[in-house]
Amino acid sequence: MDSKLNVRVATANDRADIIALVNAAFTVETFFEGTRTDDDRLTEMMGTRDFLVGEEGGRILASVSTEVRDERGYFGMLAVDPSQQGRGLGRVMVEAAEAHLRQRGCEVVDITVLSLRPELPGYYRKLGYVQTGVEEFHPSRPFKDGVECIAMVMTKEL
């Protein structure tokens, strides 16, 4: 893990940096049309979710969104600057999201992992998540023609 990363709750002033980070980190999702987020989508999400950012030297290197759903928490849109991947920053941000949700009274955290990202279930299993179901995926932006996807629900008790 990277102990130099300072994790904090994002503010509206962080939007441009989060948008750039998320869009860079999600370029691997070539099955979607367009970018992962923009100012309108992020502004809307920030109205219902807390975003955590991980900074080092004043630069945002990672982010994750968190949402309280009664006693359950949810995190998503975990993003790490592609030039910083492999340093354990993703794990730091997952642990920060779990702690943030725990502090808000959540007993369980859920995530959704797209079937089109086969590398992710194993990553989350290593962090203690287990697949608990599947659900229909309703993307906020269109898939490219011919792409089909389901969302795998993974859960961890806090």
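This is a predicted model: local features need pLDDT of at least 70, side-chain atom pairs count only at pLDDT 80 or more; totals for chains, interfaces and linings use all residues.
Glu-67 counts as buried, because its relative accessibility is 16% and buried means under 20% relative accessible area, exposed over 50%, and partly exposed in between (1.4 Å probe, protein chains only). The side chain of Glu-67 meets that of Arg-69 in a salt bridge, at 3.2 Å from N to O. By salt bridge I mean a side-chain nitrogen of Lys or Arg within 4 Å of a carboxyl oxygen of Asp or Glu. Arg-69 is partly exposed, because its relative accessibility is 38%.

Residues are numbered from 1 along each chain as its sequence is written, and side-chain values use heavy atoms, with hydrogens and water left out.

Let us continue with salt bridges. Side chains of opposite charge can pair when their charged atoms come close. How many salt bridges does the structure hold? The structure holds 13. One of them joins Arg-59 and Asp-81, at 2.5 Å from N to O. This pair links distant parts of the chain, 22 residues apart: Arg-59 lies in strand 3 (residues 59–69), and Asp-81 in the loop between strand 4 (72–80) and helix 3. Helices (H or I, at least four residues) and strands (E, at least two) are DSSP runs, numbered from the N terminus. Is Asp-81 buried or exposed? Asp-81 counts as buried, at 13% relative accessibility, whereas Arg-59 is partly exposed, at 42%.

Arg-41 forms a salt bridge with Asp-38, and their closest N and O atoms are 3.4 Å apart. Asp-38 counts as partly exposed, because its relative accessibility is 29%.

I turn now to helix 3. This helix has 15 residues and reaches 21 Å from its first C-alpha to its last, close to the 21 Å expected at 1.5 Å a residue; the expected span is 1.5 Å times one less than the number of residues. Among the buried residues of helix 3 are Leu-89, Met-93, Glu-98 and His-100. Gly-105 follows helix 3 and has a positive phi, near 90°. Glu-107 is found in the loop between helix 3 (89–103) and strand 5 (108–114). Glu-107 is exposed, because its relative accessible area is 52%.

Finally, consider helix 1 (residues 15–25), where Ala-25 is found. Ala-25 is buried, with a relative accessible area of 14%. Ala-25 and Leu-78 are 53 residues apart in sequence and 8.8 Å apart in space, C-alpha to C-alpha.
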